Amino acid sequence: MEPKLGYGWTEDKMPDLTGTTAVVTGANSGLGFVTAAQLAAHGASVTLAVRDPARGAAAVERMRDRLPDAELTVRVLDLASLASIAAFADEFTPATGRLDLLVNNAGVMNLPQRRTADGFEMQFGTNHLGHFALTGRLLPLLLAGPDARVVTLSSTVHRIGKMNFDDLMGAKRYRPWPAYGQSKLANLLFTSELQRRAGAAKLPLRAMAAHPGFALTNLQTAGPTMRGAKTTTRRSRVMATLTRELAQPAVWGALPTLYAATVPGLAGNSFVGPEGFGQQHGHPVPVTRSKRAQNTADAQRLWTESERLTGVSYAFA
């Protein structure tokens, strides 16, 4: 019997994933760690795609303490480098010959102005362009299976986001939170356009989006830590206190991702988040998105720009 699409869903309602292959980006900590561990606990063969192989190996050891028979692999992936993304995709060859689930989880938030290895603004380059390029390069493996899913993590902060196509990289004016909001809005526009194109080609690929609400991760303090010695202490302490007092734990923050990744019958382009007030806490359910996130013209324009910037074109065949 299929799980009910609604309230009260937790990881114990996940189906058996034996024989499923999955890649989770940023899986060495936080939401990615919980997501990878739960997928493995339910039988999936999971690749942890991480920047630091040592931290990835340590994450696998922590998982194996509870899941000694889990199928876990670590591979290096830096989403802020198109060369690293290409190398990951070229070297990734699952034993099944296909990829059933790609979880675009990794991300950065509220950073001072930084650039990726390819000159992109760091938040837009990592959160959107990196995952756009990764998904495109892994598309042949995703299409090799009967029912693959791509789950991309967005945020409620997408609601403050605007697609500034005249200054996507913040060269004229950069503000950390609006830049983050733009990247999270881009995640939703990417999801809807990926689903539209896959559907038009009649391909068995479902694109999903999810957000964790207010969850306890290291993202909240990463930005303040990068701002310098005087502001680091004050902002880090404020964010640490707010997060500790108000945030739900990562095990709950990962539930929307797991729901989007595994619930049978869930429609493509679904957006999943917590059921509670402001979509900040609670069990996962399909949730609403902003009007900007439903702008089909922006989604298509973003797709064209993303192909141009990354040099990655999708072959829907």
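The structure is a predicted model. Its protein chain averages a pLDDT of 91. Helices H5 and H10 pack at an angle of about 90°, and the cavity count comes to one of 30 Å³ or more.

**Confidence**
- At least 70 is the pLDDT score of 87% of the residues.
- Over residues 225–230, pLDDT stays under 50.
- For residues 225–230 the model has eleven contacts beyond four places in sequence.

**Helices H5 and H10**
- Two packed helices are described by the angle between their axes and the distance between the axes.
- H5 spans residues 176–200, and H10 spans residues 296–310.
- Their axes lie 9 Å apart.
- The angle between H5 and H10 is about 90°, and angles of 65 to 115 degrees count as roughly perpendicular. H5 and H10 are therefore roughly perpendicular to each other.
- On the H5 side, the contact includes Ala 186, Leu 189, Phe 190, Glu 193 and Arg 197.
- On the H10 side, Asp 298, Ala 299, Gln 300, Leu 302 and Trp 303 take part.
- By class, the residues of this contact are seven nonpolar, two polar and four charged.

**The largest cavity**
- The largest cavity holds about 30 Å³ of space.
- Its lining includes Leu 79, Ser 81, Ile 85, Thr 116, Asp 118, Phe 120 and Leu 129.
- Helices H3 (82–91) and H4 (122–142) each supply at least two lining residues.
- H4 gives the largest share of the lining, three residues.
- The lining has six nonpolar, four polar and one charged residues.

Definitions and conventions
Residues numbered from 1 in each chain as written. Predicted model: local features only at pLDDT ≥ 70, side-chain atom pairs only at ≥ 80, totals over all residues. Heavy atoms only, no water. Axes fitted to C-alpha atoms, helices over the stretch in contact; angles between N-to-C directions. Helix = DSSP H or I, 4+ residues; strand = E, 2+ residues; numbered from the N terminus. Parallel < 35°, antiparallel > 145°, perpendicular 65-115°, else oblique. Contact = heavy atoms within 4.5 Å. Nonpolar A, V, L, I, M, F, W, Y, C, P; charged D, E, K, R; others polar. 1 Å grid on protein atoms, 1.4 Å probe; cavity = no way out; pocket = protein on both sides within 12 Å on 5 of 7 lines; lining within 4 Å. Points joined across faces, edges and corners; volume = space filled by probe spheres on them. pLDDT = per-residue confidence, 0-100.
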